[in-house]
Amino acid sequence: MTAAVDARRATPRERRRQARGRNLRRHWQLYLMLVLPVAFLVVFQYIPMANNVIAFKDYNVVAGIWGSPWAGLDNFERFFANPVAWDLIRNTLMLSLYGLLAGFPVPIILALALNEVRARFFKRTVQMVTYAPYFISTVIVVSMLILVFSPRIGFLTEALGFFGMDGNVLADPDAFRSVYVWSDVWQTAGYSAIIYMAALAGIDPSLYEAARLDGASRLRKIWHVDLPGIAPTVVVVMILSVGNVMAIGFEKAFLLQNPLNLSQSEIIATYTYKIGLLGADFSLAAAVGLFNSVINLILLLIVNTVSKRVTGNGLW
Amino acid sequence: MTLQTANRAEPRTERRRPSRRRAARVQDTRGDRVFMVAVYLLLATFLLVVLIPLINILASSFSSPAAVSGGRVLLWPVDFTLIGYEAVLSNEAVLTGFGNSLFYTVVGTIVSIVLTVLIAYPLSRPELMGRKVFIGGVLFTMLFSGGLIPTYMVVRALGLLDTRWALILPTAIGAWQVLIAMTFFRSTIPSELYEAAQLDGTSDARFLWSVVLPLSKPLLAVIALMYGIGQWNSYFNALIYLRNEELYPLQLVLRDLLIVNNSGGTNLADQLAAEQMADLMKFSLIVVSTVPLMLVYPFVARHFNKGVMLGSVKG
């Protein structure tokens, strides 16, 4: 390699380095701003990710994370050897799939129906009322469920009796999923409808004109104009929900649990809490949690790829 | 969908409405009218399904203990009285929890907003070197999280267990809010303003403080509400990080009073009056703890809508 080539190569590199220096000198304040929040992300997000290494170790407090002996895949084997593992996975999947199936169409139907209504006062009232429960905390929603379904004082207990369902739904393992999912729909349908309302408002009005000229009925306008118009939004929401299938929250399931419905209400998140924090088996709990997160990430990647192939829409 | 379509969408609906209304009046066929009746019935059902449980709770909270325990309250108070509220508002644990939650919400929201602006603003600037890496680092936390136990270990190692900071610091930065703020800064602060400030020799920090932030009030309102409501409603971090009941936020106090003490209706307590009072208190407690949110609700709803629009921008 000759000196001439070297010099030619060095020049742009040199220039880049100078540019970087100038950028730093001029915008040092921007970099300074980043220091604190980035430190937060590292400490509370990335160090915990690294701590997952204890899933592959036999962790004990005295030796610490790095001093504890390696255990290979023992913790994962221990989890899957336990017959409860498959119950947990099944409970988690069934609960979120049920939630997906029930919770996905309702906000779309609500938004499409609201979009047809011309009476502004009625429209606003329905929107405001259905939106409100979104802001009620999980603790309160579960308390309300316990009260309205209480066999002794609940006003819905009688209504259920009318439909031939008896007594205490909260103590019935088979009713757990329905209670969980439909109370979720009750709480979030109004909120989830907003994004579809926005998409509907963005549809080109000339499409409605065209449909009108063709003599399309209202139902056909919904089918041929509204639904294709909100399809990209539907796909994005769908990906996000499927990507969260395994990430179903701890908060509500834990509150709705009682010894009687545990056979269906114990999900991976609540189990991790129990063996990890109550049982102090950190390594096993971390292994279960890691398994859950990885499955979840894989699902999200698969759904996103498939959706991009099929519909051209994806998250990235 | 992009931010632009979301913004353009609103005025367009306004313009479209009159023409559609006229068209509908002329063209509604019989089938369409039947269809509209079905639509109104459907929406009325939605309305009632959401409203009736809320009204039942409210009516019960104003009823007498005996009426509540007898399951006699439906949609209107029976034997109207305020003793449920008197009992709740003189309960020490509830008051402490209320105060604590107020503290966590105010301080937590301030910390969160400061950190969110400090990270979102530099990331919105194209001059920043390594911008893509940083943004990727934020987005990745949405896809993958450390998990319960590994995070708990960090909080423990920092000595934050059983302190107020355990509820504020670990959840201080929300990736979603950073994304919303970043998009807002990028799309609403005109680059001409920045160029003018550059010519005047204004520093980046000064520009953020005296130009960007005053222009970003709607954004600050949205993310403050998101963080504030999240903090007010959460109980999970308190459950795992706190032992000292003096530090409990309201939601955890409510959990103890409303859920843990509940034995699923097979209560054999012999003090009938005490038991009836406990029933009534639950209803009053639900109302009292939800009222602060419902008071700010109309305001919150408007801003949250904006947040949903801002958030529907692809990063």
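Predicted model: local features only at pLDDT ≥ 70, side-chain atom pairs only at ≥ 80, totals over all residues.
Local features are given only where pLDDT is at least 70, side-chain atom pairs count only at pLDDT 80 or more, and totals for chains, interfaces and linings use all residues, while side-chain values use heavy atoms, with hydrogens and water left out. Residues are numbered from 1 along each chain as its sequence is written, and chains are lettered from A in the order in which they are written.

**View 1. The two chains as a whole.** Chain A has 15 helices and zero strands, and chain B likewise has 15 helices and zero strands, where helices (H or I, at least four residues) and strands (E, at least two) are DSSP runs numbered from the N terminus. Of the 316 residues of chain A, 50% count as buried, and of the 315 residues of chain B, 50% do; buried means under 20% relative accessible area, exposed means over 50%, and partly exposed lies in between (1.4 Å probe, protein chains only). The accessible surface comes to about 15,300 Å² for chain A, with 66% of it belonging to carbon and sulfur atoms, and to about 15,000 Å² for chain B, with 65% belonging to those elements; these areas come from the Shrake-Rupley method with a 1.4 Å probe, and for residues only the protein chains shown count as cover.

**View 2. The interface between chain A and chain B.** The size of an interface is often given as the accessible area lost when the parts come together. Chain A and chain B bury about 9,800 Å² between them, 74% of it on carbon and sulfur atoms, the buried area being the accessible area (1.4 Å probe) that two parts lose on being put together, summed over both. Helix 1 (residues 3–51) of chain A gives the most to the side of chain A that touches chain B, with 23 residues. By class, that side of chain A has 71 nonpolar, 19 polar and twelve charged residues, with Ala, Val, Leu, Ile, Met, Phe, Trp, Tyr, Cys and Pro counted as nonpolar, Asp, Glu, Lys and Arg as charged, and the others, Gly among them, as polar. The contact takes 102 residues from chain A and 109 residues from chain B, contact meaning heavy atoms within 4.5 Å.

**View 3. Ser68(A) in its loop.** Ser68(A) is found in the loop between helix 2 (64–67) and helix 3 (74–81) of chain A, and Ser68(A) is buried, with a relative accessible area of 2%. The side chain of Ser68(A) reaches the backbone oxygen of Gly64(A) at 2.6 Å. Leaving aside neighbours within four places in sequence, Ser68(A) is in contact with residues including Lys57(A), Tyr59(A) and Ala63(A).

**View 4. Two loop residues of chain B with positive phi.** Asp79(B), which is not a glycine, has a positive phi near 55°, and its place is in the loop between helix 3 (65–69) and helix 4 (83–89) of chain B. Asp162(B) has a positive phi near 65° and lies in the loop between helix 7 (148–157) and helix 8 (165–168) of chain B. Asp79(B) is partly exposed, with a relative accessible area of 48%, and Asp162(B) is partly exposed at 32%.

**View 5. A salt bridge between Arg78(A) and Asp281(A).** Side chains of opposite charge can pair when their charged atoms come close. Arg78(A) forms a salt bridge with Asp281(A), the closest N and O atoms being 3.2 Å apart, where a salt bridge is a side-chain nitrogen of Lys or Arg within 4 Å of a carboxyl oxygen of Asp or Glu. Arg78(A) lies in helix 3 of chain A and Asp281(A) in the loop between helix 14 (268–278) and helix 15 (282–311), so the pair ties together parts that are 203 residues apart in sequence. Arg78(A) is partly exposed, with a relative accessible area of 41%, as is Asp281(A), at 24%.

View 6. Arg125(B) forms a salt bridge with Asp204(B), the closest N and O atoms being 3.0 Å apart. This pair links distant parts of the chain, with Arg125(B) in the loop between helix 5 (92–123) and helix 6 (131–143) of chain B and Asp204(B) in helix 11 (residues 204–215), 79 residues apart. Both Arg125(B) and Asp204(B) are buried, and salt bridges that share partners join Arg125(B), Glu127(B) and Asp204(B) into one network.

Conventions: Polar contact = N/O pair within 3.5 Å; in protein donor to acceptor, adjacent residues only side chain to side chain.
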